[in-house]
Amino acid sequence: MGQGLSCSGSSYDHDFFAAVQGGNLGAVETSIRSDPSLVSRTTIYDRLSALHIAAANGRVEVLSAILDRSINPDVVNRYKQTPLMLAAMHGKLACAQKLVEAGANILMFDSLNGRTCLHYAAYYGHSDCLQLILSVAQSTAVADSWGFARFVNVRDGNGATPLHLAARQAQPQCVHILLDNGALVSAVTGGYGYPGSTPLHLAARSGSLDCVRKLLAWGADRLQRDSLGRIPYNVAVKRNHGACAALLNPSAAEPLVWPSPLKFISELDPDAKALLEATLMEANREREKKIFKETSYSLPSPTHSDEAAPDDNAAEESDSELCYICFDQACNIGIQECGHQMCAHCMLALCCHNKRNSISLCLSSPTCPFCRSSISRLVVVKAKVKDEGDEETISKLRKSWRFKNSSEGSSSFKGLSSAMGSSGKMNLAIPDTIDMVDKPLEVHL
Ligand SMILES: [Zn+2]
Ligand SMILES: [Zn+2]
(Lines give C-alpha, C1' and ligand atoms only; values in the text may rest on other atoms or scores of the structure.)
(Ligands and ions follow the chains in the order given, each with its own letter.)
Protein backbone atom coordinates (compact mmCIF):
# COMPACT_ATOMS: atom_id res chain seq x y z
CA MET A 1 0.00 0.00 0.00
CA GLY A 2 2.92 2.26 -0.69
CA GLN A 3 2.25 5.89 -1.24
CA GLY A 4 5.82 6.37 -2.38
CA LEU A 5 6.88 7.60 -5.72
CA SER A 6 8.55 4.49 -7.05
CA CYS A 7 8.26 3.66 -10.73
CA SER A 8 6.90 7.02 -11.73
CA GLY A 9 7.18 7.94 -15.36
CA SER A 10 9.30 10.75 -16.60
CA SER A 11 11.57 12.70 -14.31
CA TYR A 12 9.26 15.64 -15.02
CA ASP A 13 6.33 13.76 -13.49
CA HIS A 14 8.57 12.68 -10.67
CA ASP A 15 9.47 16.26 -9.83
CA PHE A 16 5.80 17.17 -9.77
CA PHE A 17 4.82 14.28 -7.50
CA ALA A 18 7.79 15.02 -5.25
CA ALA A 19 6.59 18.61 -4.91
CA VAL A 20 3.11 17.33 -4.01
CA GLN A 21 4.53 14.92 -1.47
CA GLY A 22 6.70 17.62 0.07
CA GLY A 23 3.86 20.11 0.20
CA ASN A 24 5.70 22.60 -2.01
CA LEU A 25 2.67 24.57 -3.16
CA GLY A 26 4.62 27.06 -5.28
CA ALA A 27 6.33 24.35 -7.30
CA VAL A 28 3.06 22.44 -7.67
CA GLU A 29 1.24 25.53 -8.99
CA THR A 30 4.04 26.32 -11.42
CA SER A 31 4.07 22.77 -12.78
CA ILE A 32 0.30 22.68 -13.22
CA ARG A 33 0.32 26.03 -15.01
CA SER A 34 2.82 24.78 -17.54
CA ASP A 35 1.09 21.39 -17.92
CA PRO A 36 -2.51 21.23 -16.66
CA SER A 37 -2.74 17.51 -17.44
CA LEU A 38 -0.41 16.78 -14.51
CA VAL A 39 -3.31 16.91 -12.05
CA SER A 40 -4.86 13.84 -13.61
CA ARG A 41 -1.64 11.93 -14.19
CA THR A 42 -0.72 8.98 -11.96
CA THR A 43 2.37 7.09 -10.90
CA ILE A 44 2.94 4.09 -13.10
CA TYR A 45 2.78 1.15 -10.74
CA ASP A 46 0.41 2.14 -7.91
CA ARG A 47 -1.46 4.60 -10.11
CA LEU A 48 -1.44 7.23 -7.42
CA SER A 49 -2.69 10.61 -8.47
CA ALA A 50 -1.43 13.89 -7.03
CA LEU A 51 -4.61 13.91 -4.95
CA HIS A 52 -3.71 10.54 -3.38
CA ILE A 53 -0.18 11.65 -2.61
CA ALA A 54 -1.33 14.95 -1.10
CA ALA A 55 -4.01 13.21 1.00
CA ALA A 56 -1.68 10.49 2.30
CA ASN A 57 0.93 13.05 3.27
CA GLY A 58 -1.44 15.56 4.81
CA ARG A 59 -0.63 18.31 2.31
CA VAL A 60 -3.90 20.15 2.66
CA GLU A 61 -2.90 23.28 0.70
CA VAL A 62 -1.74 21.26 -2.26
CA LEU A 63 -4.84 19.10 -1.99
CA SER A 64 -7.07 22.20 -2.05
CA ALA A 65 -5.20 23.65 -5.03
CA ILE A 66 -5.80 20.43 -6.98
CA LEU A 67 -9.44 20.14 -5.92
CA ASP A 68 -9.95 23.74 -7.05
CA ARG A 69 -9.21 22.54 -10.57
CA SER A 70 -12.39 20.43 -10.55
CA ILE A 71 -10.62 17.13 -10.20
CA ASN A 72 -12.84 14.18 -9.27
CA PRO A 73 -12.24 13.70 -5.52
CA ASP A 74 -12.96 9.97 -5.87
CA VAL A 75 -10.22 9.14 -8.38
CA VAL A 76 -8.95 5.63 -7.52
CA ASN A 77 -5.50 4.07 -7.50
CA ARG A 78 -4.44 0.57 -8.51
CA TYR A 79 -6.31 -0.90 -5.54
CA LYS A 80 -9.41 1.18 -6.12
CA GLN A 81 -8.54 3.28 -3.12
CA THR A 82 -9.76 6.86 -3.03
CA PRO A 83 -7.78 9.82 -1.67
CA LEU A 84 -10.24 9.84 1.25
CA MET A 85 -9.30 6.25 2.13
CA LEU A 86 -5.63 7.22 2.19
CA ALA A 87 -6.35 10.28 4.35
CA ALA A 88 -8.31 8.08 6.79
CA MET A 89 -5.53 5.47 6.76
CA HIS A 90 -2.85 8.04 7.58
CA GLY A 91 -4.97 10.10 9.96
CA LYS A 92 -4.87 13.28 7.87
CA LEU A 93 -7.99 14.93 9.22
CA ALA A 94 -7.70 18.28 7.43
CA CYS A 95 -7.30 16.53 4.08
CA ALA A 96 -10.20 14.22 4.82
CA GLN A 97 -12.29 17.26 5.68
CA LYS A 98 -11.38 18.99 2.39
CA LEU A 99 -12.18 15.88 0.38
CA VAL A 100 -15.52 15.50 2.08
CA GLU A 101 -16.33 19.14 1.39
CA ALA A 102 -15.45 18.52 -2.25
CA GLY A 103 -18.07 15.79 -2.27
CA ALA A 104 -15.90 12.68 -1.79
CA ASN A 105 -17.97 9.51 -1.60
CA ILE A 106 -17.64 7.75 1.77
CA LEU A 107 -19.18 4.57 0.41
CA MET A 108 -16.49 3.36 -1.98
CA PHE A 109 -14.92 -0.10 -1.58
CA ASP A 110 -11.30 -0.86 -2.44
CA SER A 111 -10.22 -4.00 -4.28
CA LEU A 112 -7.73 -5.20 -1.65
CA ASN A 113 -10.15 -6.24 1.08
CA GLY A 114 -13.32 -4.53 0.03
CA ARG A 115 -12.87 -1.85 2.68
CA THR A 116 -14.32 1.63 2.97
CA CYS A 117 -12.76 4.77 4.39
CA LEU A 118 -14.59 3.96 7.65
CA HIS A 119 -12.79 0.60 7.85
CA TYR A 120 -9.47 2.32 7.33
CA ALA A 121 -10.04 4.98 9.98
CA ALA A 122 -11.08 2.25 12.45
CA TYR A 123 -8.23 -0.11 11.57
CA TYR A 124 -5.55 2.54 11.98
CA GLY A 125 -7.18 4.07 15.03
CA HIS A 126 -7.71 7.57 13.68
CA SER A 127 -10.70 8.45 15.79
CA ASP A 128 -10.92 12.03 14.50
CA CYS A 129 -11.23 10.83 10.91
CA LEU A 130 -13.66 8.15 12.04
CA GLN A 131 -15.83 10.76 13.71
CA LEU A 132 -15.72 12.96 10.62
CA ILE A 133 -16.82 10.14 8.32
CA LEU A 134 -19.64 9.19 10.69
CA SER A 135 -20.92 12.75 10.83
CA VAL A 136 -20.84 12.90 7.04
CA ALA A 137 -22.75 9.64 6.92
CA GLN A 138 -25.40 11.17 9.13
CA SER A 139 -25.96 14.17 6.94
CA THR A 140 -25.60 12.98 3.38
CA ALA A 141 -27.21 10.77 0.81
CA VAL A 142 -25.61 7.70 2.39
CA ALA A 143 -28.00 8.05 5.27
CA ASP A 144 -30.92 8.12 2.85
CA SER A 145 -29.83 5.37 0.50
CA TRP A 146 -28.13 2.98 2.90
CA GLY A 147 -29.27 4.11 6.28
CA PHE A 148 -26.81 5.26 8.92
CA ALA A 149 -27.00 2.08 11.01
CA ARG A 150 -26.15 -0.04 8.02
CA PHE A 151 -23.22 2.18 7.12
CA VAL A 152 -21.75 1.98 10.65
CA ASN A 153 -21.85 -1.80 10.31
CA VAL A 154 -20.62 -1.94 6.71
CA ARG A 155 -18.73 -5.18 6.02
CA ASP A 156 -15.49 -5.58 4.15
CA GLY A 157 -14.75 -8.47 1.79
CA ASN A 158 -14.12 -10.75 4.77
CA GLY A 159 -17.28 -9.85 6.59
CA ALA A 160 -15.53 -7.59 9.09
CA THR A 161 -17.27 -4.44 10.27
CA PRO A 162 -15.26 -1.37 11.29
CA LEU A 163 -15.82 -2.47 14.91
CA HIS A 164 -14.16 -5.83 14.20
CA LEU A 165 -11.13 -4.06 12.75
CA ALA A 166 -10.83 -1.56 15.60
CA ALA A 167 -11.03 -4.39 18.16
CA ARG A 168 -8.51 -6.52 16.28
CA GLN A 169 -6.07 -3.63 16.03
CA ALA A 170 -6.51 -2.63 19.69
CA GLN A 171 -8.02 0.81 19.02
CA PRO A 172 -10.23 1.46 22.07
CA GLN A 173 -11.17 5.02 21.13
CA CYS A 174 -12.50 3.91 17.78
CA VAL A 175 -14.24 0.98 19.44
CA HIS A 176 -15.98 3.45 21.74
CA ILE A 177 -17.05 5.84 18.99
CA LEU A 178 -18.38 3.00 16.86
CA LEU A 179 -20.35 1.46 19.72
CA ASP A 180 -21.69 4.88 20.56
CA ASN A 181 -22.90 5.23 16.99
CA GLY A 182 -24.75 1.97 16.90
CA ALA A 183 -22.12 -0.57 15.84
CA LEU A 184 -23.42 -4.06 16.53
CA VAL A 185 -21.38 -5.43 19.41
CA SER A 186 -22.19 -9.03 18.53
CA ALA A 187 -21.69 -8.86 14.74
CA VAL A 188 -20.12 -12.03 13.39
CA THR A 189 -17.57 -12.07 10.59
CA GLY A 190 -18.01 -14.30 7.62
CA GLY A 191 -14.41 -14.96 6.73
CA TYR A 192 -11.41 -13.06 7.98
CA GLY A 193 -9.38 -16.20 8.67
CA TYR A 194 -11.42 -16.61 11.83
CA PRO A 195 -14.87 -17.02 10.40
CA GLY A 196 -17.60 -16.38 12.84
CA SER A 197 -15.61 -14.14 15.14
CA THR A 198 -17.21 -11.37 17.15
CA PRO A 199 -15.40 -8.11 17.95
CA LEU A 200 -14.84 -9.59 21.43
CA HIS A 201 -12.94 -12.55 19.92
CA LEU A 202 -10.72 -10.12 18.04
CA ALA A 203 -10.14 -7.90 21.08
CA ALA A 204 -9.17 -11.05 22.99
CA ARG A 205 -6.77 -11.86 20.20
CA SER A 206 -5.14 -8.44 20.27
CA GLY A 207 -5.01 -8.47 24.06
CA SER A 208 -6.46 -4.98 24.36
CA LEU A 209 -7.89 -4.70 27.85
CA ASP A 210 -9.54 -1.37 27.02
CA CYS A 211 -11.28 -2.83 24.00
CA VAL A 212 -12.41 -5.87 25.97
CA ARG A 213 -13.75 -3.57 28.71
CA LYS A 214 -15.69 -1.39 26.33
CA LEU A 215 -17.15 -4.29 24.38
CA LEU A 216 -18.27 -5.98 27.60
CA ALA A 217 -19.76 -2.72 28.86
CA TRP A 218 -21.76 -2.52 25.63
CA GLY A 219 -23.16 -5.97 26.15
CA ALA A 220 -20.75 -8.25 24.24
CA ASP A 221 -21.48 -11.90 24.92
CA ARG A 222 -18.66 -13.85 26.57
CA LEU A 223 -20.25 -17.15 25.62
CA GLN A 224 -20.47 -16.60 21.86
CA ARG A 225 -18.42 -19.20 19.99
CA ASP A 226 -16.45 -18.67 16.81
CA SER A 227 -16.32 -21.17 13.96
CA LEU A 228 -13.69 -23.18 15.83
CA GLY A 229 -15.97 -23.41 18.81
CA ARG A 230 -13.92 -21.05 20.95
CA ILE A 231 -15.30 -18.43 23.27
CA PRO A 232 -13.27 -15.18 23.53
CA TYR A 233 -11.77 -16.45 26.81
CA ASN A 234 -10.12 -19.36 24.95
CA VAL A 235 -8.63 -16.94 22.46
CA ALA A 236 -7.16 -14.71 25.19
CA VAL A 237 -5.73 -17.70 27.07
CA LYS A 238 -4.15 -19.10 23.93
CA ARG A 239 -2.45 -15.78 23.27
CA ASN A 240 -1.36 -15.38 26.90
CA HIS A 241 -3.37 -12.23 27.49
CA GLY A 242 -3.90 -12.94 31.18
CA ALA A 243 -5.76 -9.81 32.24
CA CYS A 244 -8.12 -10.00 29.27
CA ALA A 245 -8.70 -13.68 30.00
CA ALA A 246 -9.59 -12.87 33.61
CA LEU A 247 -12.37 -10.50 32.46
CA LEU A 248 -13.49 -12.82 29.69
CA ASN A 249 -13.71 -15.84 31.95
CA PRO A 250 -17.41 -16.68 31.98
CA SER A 251 -17.24 -17.37 35.70
CA ALA A 252 -15.99 -13.86 36.48
CA ALA A 253 -18.53 -11.26 37.58
CA GLU A 254 -20.31 -9.60 34.72
CA PRO A 255 -19.80 -5.88 34.26
CA LEU A 256 -22.56 -3.31 34.22
CA VAL A 257 -23.86 -2.88 30.69
CA TRP A 258 -24.56 0.53 29.19
CA PRO A 259 -28.35 0.72 28.97
CA SER A 260 -28.44 1.89 25.35
CA PRO A 261 -31.87 0.44 24.53
CA LEU A 262 -33.49 2.92 26.89
CA LYS A 263 -34.98 5.82 25.01
CA PHE A 264 -33.81 8.56 27.33
CA ILE A 265 -30.28 7.11 27.30
CA SER A 266 -30.08 7.44 23.52
CA GLU A 267 -31.28 11.02 23.89
CA LEU A 268 -28.89 12.08 26.65
CA ASP A 269 -27.25 15.44 26.33
CA PRO A 270 -23.44 15.26 26.03
CA ASP A 271 -22.74 16.28 29.64
CA ALA A 272 -25.08 13.74 31.18
CA LYS A 273 -23.82 11.07 28.81
CA ALA A 274 -20.18 11.72 29.63
CA LEU A 275 -20.96 11.65 33.35
CA LEU A 276 -22.93 8.41 33.20
CA GLU A 277 -20.40 6.72 30.95
CA ALA A 278 -17.53 7.69 33.21
CA THR A 279 -19.48 6.40 36.19
CA LEU A 280 -20.21 3.12 34.43
CA MET A 281 -16.58 2.54 33.52
CA GLU A 282 -15.55 3.44 37.07
CA ALA A 283 -18.04 1.02 38.59
CA ASN A 284 -16.79 -1.69 36.25
CA ARG A 285 -13.19 -1.01 37.24
CA GLU A 286 -14.15 -1.59 40.85
CA ARG A 287 -15.49 -4.98 39.79
CA GLU A 288 -12.35 -5.66 37.82
CA LYS A 289 -10.20 -5.05 40.87
CA LYS A 290 -11.98 -7.89 42.64
CA ILE A 291 -11.66 -10.14 39.61
CA PHE A 292 -7.96 -9.42 39.28
CA LYS A 293 -7.44 -9.98 42.98
CA GLU A 294 -9.14 -13.35 42.81
CA THR A 295 -7.21 -14.39 39.73
CA SER A 296 -3.93 -12.92 41.01
CA TYR A 297 -3.61 -10.67 38.01
CA SER A 298 -2.60 -7.16 38.74
CA LEU A 299 -3.43 -4.51 36.22
CA PRO A 300 -0.52 -4.14 33.81
CA SER A 301 -0.65 -0.38 33.77
CA PRO A 302 -3.44 1.24 35.67
CA THR A 303 -4.84 3.69 33.14
CA HIS A 304 -7.28 4.73 35.79
CA SER A 305 -5.11 6.01 38.58
CA ASP A 306 -6.40 7.36 41.81
CA GLU A 307 -5.51 10.70 40.33
CA ALA A 308 -7.11 13.01 42.85
CA ALA A 309 -7.27 12.14 46.49
CA PRO A 310 -10.61 12.77 48.12
CA ASP A 311 -10.76 16.43 48.92
CA ASP A 312 -12.55 16.70 52.22
CA ASN A 313 -12.37 20.44 52.34
CA ALA A 314 -14.07 20.83 49.02
CA ALA A 315 -16.71 18.38 50.10
CA GLU A 316 -17.40 20.35 53.24
CA GLU A 317 -17.81 23.55 51.28
CA SER A 318 -20.14 21.80 48.95
CA ASP A 319 -23.72 22.85 49.03
CA SER A 320 -24.71 20.03 46.74
CA GLU A 321 -27.00 17.57 48.35
CA LEU A 322 -26.15 14.04 49.28
CA CYS A 323 -27.81 11.34 47.23
CA TYR A 324 -30.79 10.06 49.24
CA ILE A 325 -30.44 6.56 47.89
CA CYS A 326 -26.86 5.70 48.75
CA PHE A 327 -26.07 8.51 51.21
CA ASP A 328 -22.59 8.27 49.82
CA GLN A 329 -22.22 10.40 46.71
CA ALA A 330 -23.33 13.92 45.95
CA CYS A 331 -26.36 14.37 43.71
CA ASN A 332 -25.24 15.05 40.20
CA ILE A 333 -28.05 13.78 38.01
CA GLY A 334 -31.48 15.32 37.83
CA ILE A 335 -34.56 13.55 36.56
CA GLN A 336 -37.00 15.36 34.33
CA GLU A 337 -39.82 16.19 34.49
CA CYS A 338 -40.16 15.62 38.25
CA GLY A 339 -36.87 17.29 39.16
CA HIS A 340 -35.72 14.70 41.70
CA GLN A 341 -31.99 14.19 41.98
CA MET A 342 -29.60 11.37 42.74
CA CYS A 343 -26.01 10.42 42.07
CA ALA A 344 -24.88 8.96 38.77
CA HIS A 345 -24.04 5.62 40.43
CA CYS A 346 -27.57 5.18 41.64
CA MET A 347 -29.02 6.31 38.31
CA LEU A 348 -26.94 3.67 36.54
CA ALA A 349 -28.04 1.03 39.00
CA LEU A 350 -31.60 1.94 38.08
CA CYS A 351 -30.96 1.66 34.36
CA CYS A 352 -28.42 -1.09 34.01
CA HIS A 353 -29.54 -4.61 33.81
CA ASN A 354 -27.99 -7.93 34.38
CA LYS A 355 -27.87 -9.55 30.96
CA ARG A 356 -28.71 -12.89 32.46
CA ASN A 357 -31.91 -11.48 33.88
CA SER A 358 -32.94 -9.74 30.71
CA ILE A 359 -33.22 -12.71 28.45
CA SER A 360 -36.80 -11.70 28.03
CA LEU A 361 -35.34 -8.66 26.27
CA CYS A 362 -38.05 -6.49 27.62
CA LEU A 363 -36.11 -3.63 29.01
CA SER A 364 -38.69 -1.39 30.53
CA SER A 365 -37.83 2.17 31.31
CA PRO A 366 -37.16 2.78 34.97
CA THR A 367 -39.23 5.24 36.90
CA CYS A 368 -38.12 7.85 39.39
CA PRO A 369 -37.58 6.01 42.69
CA PHE A 370 -38.90 8.99 44.64
CA CYS A 371 -42.16 9.69 42.89
CA ARG A 372 -42.51 6.85 40.36
CA SER A 373 -43.06 9.21 37.47
CA SER A 374 -41.47 8.04 34.26
CA ILE A 375 -38.05 9.37 33.35
CA SER A 376 -38.03 11.28 30.10
CA ARG A 377 -34.75 13.11 30.35
CA LEU A 378 -31.67 13.36 32.55
CA VAL A 379 -29.62 16.45 33.20
CA VAL A 380 -26.34 17.01 34.98
CA VAL A 381 -26.77 18.86 38.24
CA LYS A 382 -23.91 21.23 38.85
CA ALA A 383 -22.82 21.61 42.44
CA LYS A 384 -24.02 24.85 43.94
CA VAL A 385 -21.24 27.01 45.28
CA LYS A 386 -21.64 29.61 47.96
CA ASP A 387 -19.21 32.03 46.41
CA GLU A 388 -20.40 31.93 42.86
CA GLY A 389 -17.39 33.65 41.37
CA ASP A 390 -14.91 31.14 42.69
CA GLU A 391 -13.92 29.09 39.65
CA GLU A 392 -11.37 27.08 41.59
CA THR A 393 -13.94 25.95 44.10
CA ILE A 394 -16.30 24.99 41.32
CA SER A 395 -13.73 22.78 39.67
CA LYS A 396 -12.82 21.25 43.03
CA LEU A 397 -16.44 20.48 43.65
CA ARG A 398 -16.87 18.93 40.28
CA LYS A 399 -13.90 16.75 41.00
CA SER A 400 -15.21 15.79 44.38
CA TRP A 401 -18.60 14.57 43.27
CA ARG A 402 -17.50 10.99 43.08
CA PHE A 403 -15.79 10.81 46.37
CA LYS A 404 -17.36 9.90 49.61
CA ASN A 405 -18.79 12.88 51.27
CA SER A 406 -17.17 12.70 54.66
CA SER A 407 -18.94 15.64 56.19
CA GLU A 408 -21.84 13.88 57.84
CA GLY A 409 -22.42 16.71 60.26
CA SER A 410 -22.45 19.53 57.80
CA SER A 411 -24.34 18.03 54.95
CA SER A 412 -27.55 19.71 54.17
CA PHE A 413 -30.53 17.46 54.29
CA LYS A 414 -32.85 19.88 52.64
CA GLY A 415 -35.54 18.09 50.80
CA LEU A 416 -35.16 14.90 52.75
CA SER A 417 -38.62 15.36 54.21
CA SER A 418 -40.13 15.04 50.79
CA ALA A 419 -38.60 11.59 50.49
CA MET A 420 -39.72 10.49 53.93
CA GLY A 421 -43.01 8.88 54.70
CA SER A 422 -45.11 10.06 57.62
CA SER A 423 -43.51 7.37 59.73
CA GLY A 424 -40.19 9.07 59.26
CA LYS A 425 -38.81 6.08 57.42
CA MET A 426 -37.35 6.38 53.96
CA ASN A 427 -40.13 5.81 51.56
CA LEU A 428 -38.27 5.01 48.38
CA ALA A 429 -39.24 2.63 45.68
CA ILE A 430 -35.81 1.19 45.15
CA PRO A 431 -35.65 -1.67 42.71
CA ASP A 432 -33.63 -4.79 43.42
CA THR A 433 -30.98 -3.79 40.98
CA ILE A 434 -29.96 -0.86 43.12
CA ASP A 435 -27.21 -2.73 44.91
CA MET A 436 -25.64 -3.95 41.72
CA VAL A 437 -23.02 -1.26 41.88
CA ASP A 438 -21.51 -2.63 45.04
CA LYS A 439 -22.01 -6.36 44.87
CA PRO A 440 -20.40 -8.56 42.30
CA LEU A 441 -23.06 -10.42 40.45
CA GLU A 442 -23.59 -14.03 41.15
CA VAL A 443 -22.81 -16.10 38.13
CA HIS A 444 -24.45 -19.42 37.53
CA LEU A 445 -22.90 -21.53 34.88
ZN1 LIG B 1 -26.49 7.54 45.15
ZN1 LIG C 1 -39.36 12.02 40.79
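The zinc ion (ligand 1) is held by the SG atoms of Cys323, Cys326, Cys343 and Cys346, which lie 2.2 to 2.3 Å from the metal. Donors here are N, O and S atoms within 2.8 Å of the metal, or 3.2 Å for Na, K and Ca; water is not among the atoms, so sites may look incomplete. The model is predicted: local features need pLDDT of at least 70, side-chain atom pairs count only at pLDDT 80 or more, and totals for chains, interfaces and linings use all residues. Residues are numbered from 1 along each chain as its sequence is written, chains are lettered from A and ligands numbered from 1 in the order in which they are written, and side-chain values use heavy atoms, with hydrogens and water left out.

The angles among the 4 donor atoms of ligand 1 are 103 to 115°, and the site is tetrahedral (four donors with all angles between 85 and 135 degrees). For four tetrahedral donors the ideal angle is 109.5 degrees. Along the chain, the donors of ligand 1 follow the spacing C-x2-C-x16-C-x2-C. Cys323 and Cys343, 20 residues apart, link distant parts of the chain. Cys323 is buried at 0% relative accessible area, and Cys343 is buried at 1% (buried means under 20%, exposed over 50%, partly exposed in between, with a 1.4 Å probe and protein chains only).

Cys368 is buried, with a relative accessible area of 0%, whereas Cys371 is partly exposed, at 34%.

How values were computed. Tetrahedral: all angles 85-135°; square planar, octahedral: opposite > 155°, others 65-115°. Helix = DSSP H or I, 4+ residues; strand = E, 2+ residues; numbered from the N terminus.
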